[in-house]
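Please open the structure in your viewer and keep the selection tool at hand. The tour goes from one selection to the next and says what is found at each stop.

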Amino acid sequence: MQLYDWQREAIDALTNGPRQVLVVAPTGGGKSMCYQQPAVDLDGVALVITPLVALMADQVAGLTARGIPATYLASNLSPDENRRRAERALAGEFKLLYIAPERLSSGRFVDDVLTQLPLSLLAVDEAHCISHWGHDFRPDYLQLGDLIQRLRPPRLLACTATATPAVRREIVERLHMPDAHQVLRGFARDNLELSVEEVSGPKKKEERIIAEVKRVLGKPGGGAGTAIAYTSQRRHAEDVAEALRAHRWRAEHYHAGMDGPDRNAVQERFQAGALDVVAATNAFGMGIDRADMR
């Protein structure tokens, strides 16, 4: 696969250089390749810490489709399924294992699984979540420093799309990677547009969302692409999805209050192209790799 120069720089530093790397690059810019490619080339299992189940499922599906053995452990799976996947990882059946930081709170999981893995590298995705200065601080990320000191991974990679100098300093400090090689690509995307419009009430907002979806996607089922309508509350996500369906869009809602199987079903339908729009809270979408997102 053809790599960008900055990806090659990060991979070379991870595999041959200081073996500790911080990558700051735009969303959708290819940061995941910086740990996926080495994971394939190196012996052992790459452990990837990432905050959202949707991201894990999307990346694992993409890797599996390319013949790369990968899996994830998450709360949307049954305990038996998580155990089976962990056993297969310990047996060396996977090149990449994705987990959420919340799983690190289980000392037994760390003892029985993570310390027993033949690690090729450890990758921390969305690394800004470890920083109190970051816009998306996740307390569970604070456990990563202790984990790194315990596992002593042979290679350590931290990735984020948004990191000020203060956030970068906190990342390398908390992850115990003071000598990390830093690859800084910025975060601006020329193809993104941001606008703000004031509306009077939820119904007007729904009407405006429907009009915007029609503007960017054309008619329902027209094949012009997909969209995500983000809402601040779970109830609003359900209301927006219902309004979109009333206008003949293939739409579903997604939020953290749904059961795991229901979230999985929406994720799978979205990946399969069976949905035009997902109305969601920010529990959905981070790391989704869709070239037709409008």
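Strands, labelled E, are DSSP runs of at least two residues, numbered from the N terminus. With that in mind, select residues 251-254, which form strand E9, and pick out His253 within this strand. The model on your screen is a predicted one, and in it His253 has a relative accessible area of 18%; because buried means under 20%, His253 counts as buried. If you now show what surrounds His253, leaving aside its neighbours within four places in sequence, you will find it in contact with Ala237, Glu238, Ala241, Met258, Val266 and Ala279.

Next, turn to the open sheet, whose seven strands pair in parallel and follow the order E3-E4-E2-E5-E6-E1-E7. At its edges you will see E3 and strand E7, residues 181-184, each of which pairs on one side only. Neighbouring strands of this sheet are turned by 20 degrees against each other on average, with direction ignored.

Within the sheet, select E2 (residues 45-49) together with E5 (residues 119-124), two parallel strands that are joined by five bridges. Here Val45 can be found opposite Leu119 in E5.

Which loop holds Asn76? Look between strand E3 (70-73) and helix H4 (79-90), where the loop that contains Asn76 lies. Is Asn76 buried or exposed? Asn76 counts as buried, because its relative accessibility is 7%. Its side chain makes a polar contact of 2.4 Å with the side chain of Asn264, and, apart from neighbours within four places in sequence, Asn76 is in contact with Val53, Gly260, Arg263 and Asn264.

For the last stop, select helix H1 (residues 5-15) and helix H2 (residues 33-41), whose axes come within 9 Å and cross at roughly 50 degrees. The two helices H1 and H2 are therefore oblique to each other, and their crossing is right-handed. To view where these helices meet, show Trp6, Gln7, Ala10, Ile11, Leu14 and Thr15 on the H1 side, along with Met33, Cys34, Gln37 and Pro38 on the H2 side.

Key
Residues numbered from 1 in each chain as written. Predicted model: local features only at pLDDT ≥ 70, side-chain atom pairs only at ≥ 80, totals over all residues. Heavy atoms only, no water. Helix = DSSP H or I, 4+ residues; strand = E, 2+ residues; numbered from the N terminus. Buried < 20%, exposed > 50% of the residue type's maximum accessible area, 1.4 Å probe, protein only. Polar contact = N/O pair within 3.5 Å; in protein donor to acceptor, adjacent residues only side chain to side chain. Contact = heavy atoms within 4.5 Å. Pairing = 2+ DSSP bridges. Axes fitted to C-alpha atoms, helices over the stretch in contact; angles between N-to-C directions. Parallel < 35°, antiparallel > 145°, perpendicular 65-115°, else oblique. Left-handed = near helix turned anticlockwise from the far one by under 90°.
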